[in-house]
Amino acid sequence: MKVVISGIGTISAAGFNLEESLCSMKNGKRNAGPVSLFPNVLPYPVFEVKDLAETVETKSIRTFFLAVTAAKEAFKDAGFSLPLSGVKAGICLGTTVASQLNDIEFYSAFKKYGNVDLKPVDRYLRGNISEALAYLIKATGPSVTVVNACSSGTDAIGIALSWLRSGNCDIVIAGGADELNRVPLCGFGSLGILSNSLCAPFDRDRTGLNLGEGAGILILEREDFYIKRGKTPLLYLSGYGSAADSYHLTAPHPEGKGLESAIKKALSDSGISKMDVCFVNAHGTGTIDNDKVESTVLSRVFGENVRYFSTKGYTGHTLGGAGGIEAVFSAAALKHGWIPASAGFLSKGDEIPVSPVAVNTTISGSFAVSTSLAFGGNNAAIVIEKV
Amino acid sequence: MFISGIGIIFTRGRGIDSFENALMQGWTDPSWTDSFPAYRVAKEVLSDAALSKKIRRADKFSKMAVFSALDAFKDSGITLNSNETIGIILATAFGPHTTTFSFIDDILDYGDAGVSPTKFSNSVHNAAASYISTVLGSCGPTVTLTDFSYPFQNALLLAESWLKEERCKHVLCGCVDELSVVMEYACKMKMKTAEDGKIRPFLFSDCPVSVLGEGAAFFMLSEEKCKNNYGEVSEIKLFGESKNNPDIIIIDADGMTGDESDYEKISNTGLPLAGYSPVFGSMKIGSAFNFAAASLMLKKQHVYRCPVLDNHSQMNLCSSTSETNITGINCVRICRSDQISIINIKK
């Protein structure tokens with residue numbers, strides 16, 4: 001049973017929707033700057049989504065608003081009107097920030113006074129993004145939020161694939177979303193992996209990552225269900241693989257054992273070989289360790305002619321949203337026949353075996369791989385196919 | 001999907017034997033702090049010399065997860081041919097929030113640049129699953145899920161899919177949640193606490209009482225029947241009717257999800273009814289503990305007396321602990337009247 005990607009939508013600092021995002025990438029526009037969402041003294045630039053319009057969803061948590069914005073675009077693209085009816089729909093979204101009650105003002109007041117307004121708790125309890133979206137669109141299938149750190153979005157898409165194959169749903173809304181928040185900004189700062197300047201994934205002089213925010217959503221459908229809707233498939237989600245490093249809480253396995261295994265599983269799940277893959281949308285955060293390990297694995301698995309890039313130079317690292325956003329960009333690249341330059345890359349160091357794509361490049365293949373590496377040693381990869 | 005091992009950490013100790021003893025013993029008084037009752041896990045339960053090096057930086061949340069997952073693995077007696085044959089699925093409602101608050105303490109006390117990277121990395125939801133994979137040396141798929149309504153049911157559903165797709169031969173699937181002062185405060189303000197420390201699952205109240213709990217329950221789930229077998233999960237329904245006719249129904253009512261009146265309809269079948277939340281406490285992940293009780297009942301062919309028997313509706317409660325012949329149990333959770341979840345386990 002094949003799984004169709006029938007709709008895609010995204011929001012990030014690169015653009016309010018897919019069209020704007022592709023335009024930013026085509027023109028090499030990088031919308032980073034200082035944090036304006038919360039008070040902060042750290043010197044790191046971020047990729048913030050500016051000027052969000054006030055809607056019903058903005059009264060919930062920001063991550064949910066980002067998710068709903070991307071989901072609405074994806075639903076429109078798929079030809080669904082909301083709320084859904086007569087469809088067994090599942091929701092599987094990844095996040096990190098939205099899963100935590102990391103409201104500093106609330107906690108500070110609680111510590112000081114003991115007796116505080118519980119509105120932030122209510123907002124948090126209503127803000128499990130998959131449950132909240134299921135409620136909003138009246139979904140009647142499983143809904144669960146994946147919290148696998150930076151691979152959450154990719155793992156969420158992989159879980160959706162399992163649900164559809166096992167017949168638990170007709171369609172699944174899958175992907176990831178995350179907002180900028182002071183707690184992870186301080187946390188990543190403490191780990192020493194944030195860059196003071198614009199991130200430069202895979203570059204010789206890279207100094208770390210920039211945090212970002214956004215969402216990337218895919219509408220996935222069982223092929224039989226999609227065809228019954230009178231549509232002709234163009235894109236498929238054809239495989240998913242996941243593997244743990246079983247090595248370290250924050251550092252990737254030095255040889256990328258888990259990532260290699262995840263990619264090979266995804267290829268095997270798709271029934272294709274490495275030769276069929278025309279590009280890899282890499283995790284590519286811009287940190288010393290991630291980029292070194294990832295480029296080594298990509299060259300080992302796909303060979304020295306591998307075409308790969310990172311889009312984090314346009315979106316920042318959107319954590320739980322990254323896998324969703326990058327799946328959307330991968331699907332769009334296959335559909336439109338071009339991949340963007342890996343923003344920030346200028347020159348290759350000795351430890352990077354193969355250079356990423358340095359200019360916008362026309363492609364003509366049928367299969368793309370998108371990878372994610374995460375805290376906790378999680379590694380995940382998906383394969384997207386164009387008919 | 002067969003249940004080949006169980007590991008549990010809860011207020012009365014560690015291990016499936018402790019849990020069975022608690023089911024035999026029945027209700028006991030929770031611990032009281034500032035007149036607030038809760039079923040807390042004692043610090044002494046969370047030490048293990050054999051693991052102390054590998055999890056020296058782990059917080060309480062991760063330790064509860066690691067110990068119960070490891071116990072489930074050991075209980076199964078399974079030996080692994082490849083480190084990729086086990087998948088890990090951890091579900092939680094609230095994650096390691098005590099560590100998150102401790103990290104925020106650092107921000108408040110020392111400023112944005114003065115925080116601890118160790119606390120931050122342990123505050124991430126999937127730290128616990130990472131510790132489990134490291135301790136077991138497992139390189140299979142590893143995922144952490146969060147949900148406020150059906151965390152255990154969703155985890156089981158995914159385990160079943162992974163096994164069917166042959167992503168792994170076994171899945172360590174379980175739930176973890178912890179208590180904290182913030183959580184206790186929020187529950188005190190938002191929910192009705194049982195003043196005598198007794199959860200009453202069979203009153204079907206629209207404003208039920210709760211006594212918070214914490215702990216972890218993990219299950220080794222296998223595609224094929226293993227030497228140690230508690231039973232077979234034959235159905236996981238998130239919506240709608242069960243196609244199975246059980247011998248016993250176990251309900252998750254524990255005061256944690258608000259209005260419990262919908263449980264009355266599904267309980268009023270004449271079948272023996274049980275609910276063991278008064279043994280381990282009110283938790284969003286309570287289903288995992290009732291599922292463990294059901295698994296034990298099937299394996300041991302034993303029915304356990306309901307720990308609190310208040311029963312205004314004259315239901316047919318399991319009112320004594322005895323040997324019996326059980327072939328199937330339905331575990332029921334209701335968070336919304338339009339969403340009744342049923343897990344059926346067979347002998």
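Analyst: This is a predicted model. To begin with one residue, A:Arg300 is partly exposed, at a relative accessible area of 40%.

User: Which residue does A:Arg300 meet in a salt bridge?

Analyst: A:Glu260, with 2.6 Å from N to O. A:Glu260 is in helix α9 and A:Arg300 in helix α10 of chain A, so the pair ties together parts 40 residues apart in sequence.

User: Is A:Glu260 buried or exposed?

Analyst: A:Glu260 is buried, with a relative accessible area of 16%.

User: What does A:Asp291 pair with?

Analyst: A:Arg206, the closest N and O atoms being 3.7 Å apart. A:Asp291 sits in helix α10 of chain A, while A:Arg206 is in the loop between α7 and β5, 85 residues away. Both A:Asp291 and A:Arg206 are buried.

User: And A:Lys119, what is its partner?

Analyst: A:Asp117, with the closest N and O atoms 3.7 Å apart. A:Lys119 is exposed at 56% relative accessible area, and A:Asp117 is partly exposed at 47%.

User: How many salt bridges over all chains?

Analyst: The search finds 30. One network links A:Arg165, A:Asp269, B:Glu165 and B:Arg167.

User: Now the sheet. In what order do the three strands in chain B come?

Analyst: The order is β3-β4-β10, in an open sheet with mixed pairing. β3 and β10 each have a single partner strand, so one side of each has no neighbour in the sheet.

User: How do β3 and β4 of chain B run?

Analyst: Antiparallel, joined by three bridges. In one of the pairings, B:Ser31 has B:Ala38 in β4 as its bridge partner.

Methods
Residues are numbered from 1 along each chain as its sequence is written. Chains are lettered from A and ligands numbered from 1 in the order in which they are written. This is a predicted model: local features need pLDDT of at least 70, side-chain atom pairs count only at pLDDT 80 or more; totals for chains, interfaces and linings use all residues. Side-chain values use heavy atoms; hydrogens and water are left out. Two strands pair if DSSP finds at least two bridges between them. Helices (H or I, at least four residues) and strands (E, at least two) are DSSP runs, numbered from the N terminus. A salt bridge is a side-chain nitrogen of Lys or Arg within 4 Å of a carboxyl oxygen of Asp or Glu. Buried means under 20% relative accessible area, exposed over 50%, partly exposed in between (1.4 Å probe, protein chains only).
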